[in-house]
Amino acid sequence: STRKRILLRGKQYGFKEDGGYMVTYPKDWRGCLLRELGIFTSGDGFPLQYQGDISGIYPFYKVSDFNNVGNERVMSFANNYISEIVAEKLHCHIIPSHSIIFAKIGAAIYLERKRLNVADCCVDNNMMAFTANENVDVHYLCYVFQKLNFGDFVRVTALPSLSPKIIGGIKIHLPQDIAEQKAIAATLSSFDTHIDNLTALIEKKKAIRDGALSDLMSGRTRLAGFSGEWETYHFCSYFSLIPNNTLARNKLTDQGSIGNVHYGDVLIKYGDVLSDKDRVPRIKEEYTINENNYLQENDVIIADTAEDETVGKVVQIGKISIPLVSGLHTVACRPNKETATGFLGYYMNSAHYHDQLYQYITGIKVSSISKKSLNATTLTIPSNLQEQKAIADILTSMDTEIQNLEAERDKMQAIQAGAMEDLLTGRVRLPM
């Protein structure tokens, strides 16, 4: 498989996942300044009246275009295009294809995004481009640029900025043989390709999972062997409320004996079901907690206040081996009926239930939902415990597959980082 070939290549060449030690470059590599390897070009002003056209021949990239789908590795899609006539009228610099584009002004510098453009283009005056000389491989240089932290070279002013003079003065080392540069770039590119393929597969699996969640939780799709009408319950009759712990983040630690589920961690950190695999913040030992507040398996925690879309999101308690309480800005609920582990977490985070909450969420900068509003909602769910379990098992299996793929991607990214460290310093040499 592709994964095995890449891992074997990593073992063959001795790639590591760490770095940070002093670099000694091979004697047959040369040291030079970036300005000696190509030309830096600053971007141009882009008046508003010329923006919005998608029919021109030159993409006109702005910093926001780094976020466009398809621009994760190279710059392929712009939100604005201009014609030759407009380019001449604005006196725009035409950036040749296969130049390296990056931000030069503002906080975007610290995001360290450096991308090759796939076609001749223009860039706005918040960006800069580097066009390599013919005697150096630009794909190799792009990896060098990615390894450099341009944030370390920012001019300290009211508005952070980079200058061609400062960036051009950065010294790098590289193989004198362009064939070795190309081989290094090709090896690193194989990692990128595999990581991109994993990312695409993860997104596909997530879309399938979201579709299954929607179909199963609305009852549009019923699993084989189950039939009959689902029951509708009022929130206030289905749940009993449990007091929560109101200690702030600074009262929590990594070491205490009692776990605390903070509102900001609901769903974002734990997903639909919380279990021992999740690292839960602990309450500092000097604070006393009423044991009547301890949560049980299948209890539900709802975030009731937040500055983002966390409000109304839910995590259900799975199997966990430590005492656990619901934390600040949460509502803790205990089902009055027997329920399958995980089912309520998936159901209450689905659009089928969560759409009810939107009409009750108030606030602009800080949003919240009240217990009274929660009590106004209803749950329409299978009364058959086995159907609940079957639905939860399917969704759990899907989530586990996604998590395994994400772990594989994380591992591959770590290996690639080690490969970049080894290959771009000459610590590991490719057979030529």
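Q: Which conventions apply to the numbering, the confidence and the atoms?
A: Residues are numbered from 1 along each chain as its sequence is written, and side-chain values use heavy atoms, with hydrogens and water left out. Because the model is predicted, local features need pLDDT of at least 70 and side-chain atom pairs count only at pLDDT 80 or more, whereas totals for chains, interfaces and linings use all residues.

Q: Where is Asp65 found?
A: Strands are DSSP runs of E with at least two residues, and helices are runs of H or I with at least four, numbered from the N terminus. Asp65 is found in the loop between strand S3 (58–61) and strand S4 (74–75).

Q: What is the nearest side chain of opposite charge to Asp65?
A: A salt bridge needs a side-chain nitrogen of Lys or Arg within 4 Å of a carboxyl oxygen of Asp or Glu; Lys and Arg count as positive, Asp and Glu as negative, and His and the chain ends are not counted. Buried means under 20% relative accessible area, exposed over 50%, and partly exposed in between, with a 1.4 Å probe and protein chains only. Asp65 is buried yet has no salt bridge, and the nearest side chain of opposite charge, Lys62, is 7.4 Å away.

Q: How many disulfides does a search of the whole structure find?
A: A disulfide is a covalent bond between the sulfur atoms of two cysteines, and the criterion is a pair of cysteine sulfur atoms within 2.5 Å. The search of the whole structure finds zero disulfides. The sulfur of Cys142, a buried residue at 6% relative accessibility, is 13 Å from the closest cysteine sulfur, in Cys121, which is too far for a bond. Cys236 is in no disulfide either, the nearest cysteine sulfur, that of Cys333, being 11 Å away; Cys236 counts as partly exposed at 46% relative accessibility.

Q: How many aromatic pairs are found, and which residues form one aromatic cluster?
A: A pair of aromatic rings is described by the distance of the centres and the angle of the planes. Rings of Phe, Tyr and Trp (its six-membered ring) pair if their centres lie within 6.5 Å, with planes under 30 degrees apart counted as stacked, over 60 as edge-to-face and the rest as tilted. The whole structure has twelve aromatic pairs. Among them, Tyr233 and Tyr238 form a tilted pair, 5.1 Å centre to centre with 55° between the planes. Phe343 and Tyr347 have centres 6.0 Å apart and planes at 15°, so this pair is stacked. Phe40, Phe102, Phe130, Phe145 and Phe150 form one aromatic cluster.
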